[in-house]
Amino acid sequence: MNQRHILAFIDRLRKARTFEDAALTMLREMLDAAQAALAESGFSGRGRILRGMAHWRPSDGYRRLVLLDDTQRSGEPAIHHLPSASAWRWVVTREGPIAIDVPLGRVWTWQNDAAKVLKEGGFSGQDSVLRLTSRDTSHLYAIPLRALHGAVEGMATVEAGCPRAVGEDFIFPALQESLELLAELAAPYLATLPPRPAAAGVTDDLLPVLGQSMAGLIDMLRVFALQEETLLIGGPTGAGKSRLARWCHARSVRRGAPFEVLDLIAVPEELQMAELFGWKKGAFTGAVRDTPGCITRAFKGTLFIDEIDKLSLKAQAGLLQLLESRTYRPIGDGAREQQANVRFIVGSNVDLYDQVKAGRFREDLYYRINVLPVKLPPLDERRDEIAEWARFMALRRHRESVPGGEARIAAGVERLLVEHTWPGNLRQLDNVVRRAYALALMTHGDAGPEILLEEKHFARALSYERGSERRSTLDDVRAAAVAVVEEAERQQGKGLVLDLDLSDAFRGLVLGTAVERLGSKDAAFRLFGKGAQVQARNHHKMLRREMEKVEALCKALGEEGAPFRELGDDEA
Ligand SMILES: Nc1ncnc2c1ncn2[C@@H]1O[C@H](COP(=O)(O)OP(=O)(O)OP(=O)(O)O)[C@@H](O)[C@H]1O
């Protein structure tokens, strides 16, 4: 590339207004450079430059994906292809460009004017290989794209089809320098330009509201939904991850088969393996009959594992083995292994890589499930959706009581809701709408076919909410800790000691509060994932023990009487 050429390229990048404009400019230039290298090579007329792809994917998920396909006739609808997950891993770990000889599975690069094989058979991800060969790609070049701070956050790929060049260096040596230069020049634009506004998304029963900020993500998810690889949906609690998983299933080739959910927050650690794989009669105490696990129940369908970070290390090993071999054995079953015919979607509301660094999540499993990561933004970043969700939720609530009824929200409510912050996301909004609905019912006497939810109902419903200025739960818990420490200091001043073990009473205080609030011990235990204790009817005893600790704390603090005293008494 001569200087004039480079300047013209920079000029086009400068004129780009969106990520997509810049990515297409870069890819066009890359494909043209590859075309020229092919024409000058010994493979001229025997191979084809097929397509280029660019994606931007910081660690928490795919943000954008752009395809420039020279095999498509113009006017054809864009066929979406996925970038290669294995190529991405190579580029990230090497932080440099690589070339892949797809049929041989060879991964190599070019160093000091010489080809260097990084790994024979290093490109062996079955899904990636199949996908590339099915679109006639024999050679793939992958170049890192760097964010402004230097980290690799994206990748550009050029695909070529030239069966004659299998096992040969092909055109990479001649091309590598210009591909790297083009990527380097384009990266600052890619890192900073906004996305092209997506066309208004099509809504349906599973995704009834779709704002501008979600439309781009949904476009990508339409492509991801069709794949067999594991999809990882991150995002804060209540943002709608489970619903989105169901939406993906409904758009996948598996849509006619079951959609199963394994919510790990509700399953005690010791039962996780059993829930996943099922068990044979007699496998453990209480296993009175053969019971299929959710992998069997999801046969030919999709299994959504929510809160994957709650998976015990033992169950992580089991899941990894399953993902690698695609086979499993129910607990206590010595017989033949069973084939797992299931597509996995995994949900998490924490950063899984942080869990890896903290030693709580296996790194190998992390890479297995982090193939197609996406992040569902919090509702506060989807403000254009808030009013519409509220309308949808009000109607949904009303129709639970009056099928076919109509519910409206008064003018002015929208502003109220949009100005609020929603740390609990859609779940919190749903609660507020339900509260406003209950207040409207009180105004109107009963639910007629039509109901109007007024501003005063929402204002009141919101007044029960914790506002944006509210401190976090952690701050509140820490405030309680500070109070105890201050009390210990006071007692020390009097020559006394406040035993640290007394702070164990926190469990009892939490449980007691939950029982009071929910009006049921069973519900309180289930709220905290202790359903197994309820089932075994152990929870009364457990609660009693916790209440004794609360009493001991009260005594040490010189309080007369303890809260929730009566809770430990009856077994009702
Ligand atoms: N697509 C949807 N259609 C209807 N309601 C929805 C949708 N998405 C979210 N909601 C509302 O938000 C609530 C939370 O949604 P969901 O359970 O999918 O969130 P989540 O992100 O999986 O939460 P968690 O991380 O706590 O499991 C639902 O109970 C529902 O009221």
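1. The domain assignment divides the protein into domain 1 (3–192), domain 2 (212–377), domain 3 (380–463) and domain 4 (494–568). The model is a predicted one, and in it the centres of domain 1 and domain 3, taken over C-alpha atoms, are separated by 49 Å.

2. Around the ligand there are 17 residues, of which Gly240, Lys241, Ser242, Arg243 and Leu426 are the closest. Two elements, helix 7 (241–250) and helix 15 (425–444), are those that give two or more residues to this shell. At the level of domains, at least three residues of the shell come from domain 2 (212–377), and at least three come from domain 3 (380–463).

3. Turning to the helix pair, helix 18 (residues 505–518) packs against helix 21 (residues 539–556) at an angle of about 115°, and the axes of the two are 8 Å apart. Helix 18 and helix 21 are therefore roughly perpendicular to each other, and the crossing in which helix 18 passes helix 21 is left-handed.

4. Where these two helices meet, helix 18 contributes Ala505, Arg507, Gly508, Leu509, Leu511 and Gly512, while helix 21 contributes Leu543, Glu546, Met547, Lys549, Val550, Ala552 and Leu553. Sorted by class, the contact of helix 18 with helix 21 has eight nonpolar residues, together with two polar and three charged ones.

Note on methods:
Residues numbered from 1 in each chain as written. Predicted model: local features only at pLDDT ≥ 70, side-chain atom pairs only at ≥ 80, totals over all residues. Near = placed C-beta within 6 Å. Helix = DSSP H or I, 4+ residues; strand = E, 2+ residues; numbered from the N terminus. Domains from an automatic or database assignment. Axes fitted to C-alpha atoms, helices over the stretch in contact; angles between N-to-C directions. Parallel < 35°, antiparallel > 145°, perpendicular 65-115°, else oblique. Left-handed = near helix turned anticlockwise from the far one by under 90°. Contact = placed C-beta atoms within 7 Å. Nonpolar A, V, L, I, M, F, W, Y, C, P; charged D, E, K, R; others polar.
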